[in-house]
Amino acid sequence: MTPALTSAQQTELKNLLLARRQELVRQIDQNQTQLDPPEVNAGSVSQDENLRLSIQTREIGGTLTAIEREEITRIGRALESMLRGDYGICKTCGEPIAFARLKAEPMTEHCVACKSDWEKKHPAK
Ligand SMILES: [Zn+2]
């Protein structure tokens with residue numbers, strides 16, 4: 001089997017993944033800071049209103065964090081497969097994934113053909 005990527009290309013993708021993961025961890029930290037209960041501003045906003053706003057913020061923050069955590073998991077899987085030596089190989093058809101595609105989406109586990117096939121079978125909503 002011909003290796004899909006040169007080691008220089010793999011290093012470049014690994015750096016992209018590590019930078020992305022660092023960015024996500026920073027965002028999650030920020031989200032969690034924003035989730036702290038807001039100061040009760042007596043007078044301008046009623047207790048009920050304050051509670052409602054607080055719950056809304058939590059829901060939005062919670063969703064973002066879930067998406068970010070999912071992305072971190074995918075980055076972790078990509079880094080693991082680099083260690084195993086099967087990074088950049090399509091999980092469905094076993095063909096190498098194009099470097100340009102990996103560069104745009106380094107966590108991808110599927111080639112363009114299989115991905116669009118999958119999307120046809122699982123249309124978004
Ligand atoms: Zn494929």
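**Note on the zinc site and Ser-81**

1. Cys-93 is partly exposed, because its relative accessible area is 38%. Buried means under 20%, exposed over 50%, and partly exposed lies in between (1.4 Å probe, protein chains only). This is a predicted model, where local features need pLDDT of at least 70, side-chain atom pairs count only at pLDDT 80 or more, and totals for chains, interfaces and linings use all residues. Residues are numbered from 1 along each chain as its sequence is written, and side-chain values use heavy atoms, with hydrogens and water left out.

2. Which residues coordinate the zinc ion? They are Cys-90, Cys-93, Cys-111 and Cys-114, each through SG, at 2.2 to 2.3 Å. Donors are N, O and S atoms within 2.8 Å of the metal (3.2 Å for Na, K and Ca); water is not among the atoms, so sites may look incomplete.

3. The arrangement is tetrahedral because the four donor atoms subtend angles of 105 to 115° around the zinc ion. Four donors count as tetrahedral if all angles lie between 85 and 135 degrees.

4. The donor spacing in sequence is C-x2-C-x17-C-x2-C. Cys-93 and Cys-114 link distant parts of the chain, 21 residues apart. Cys-93 sits in the loop between helix 2 (47-84) and helix 3 (99-104). Cys-114 is in helix 4 (residues 112-121). Helices are DSSP runs (H or I, at least four residues), numbered from the N terminus.

5. Is Cys-114 buried or exposed? Cys-114 is buried, at 15% relative accessibility. Cys-90 is buried too, at 3%.

6. Ser-81 lies in helix 2. Ser-81 is buried, with a relative accessible area of 4%. Leaving aside neighbours within four places in sequence, Ser-81 is in contact (heavy atoms within 4.5 Å) with Asp-86 and Tyr-87.

Notes. Four donors count as tetrahedral if all angles lie between 85 and 135 degrees; four count as square planar and six as octahedral if opposite donors are over 155 degrees apart and all others between 65 and 115; anything else is irregular. Helices (H or I, at least four residues) and strands (E, at least two) are DSSP runs, numbered from the N terminus.
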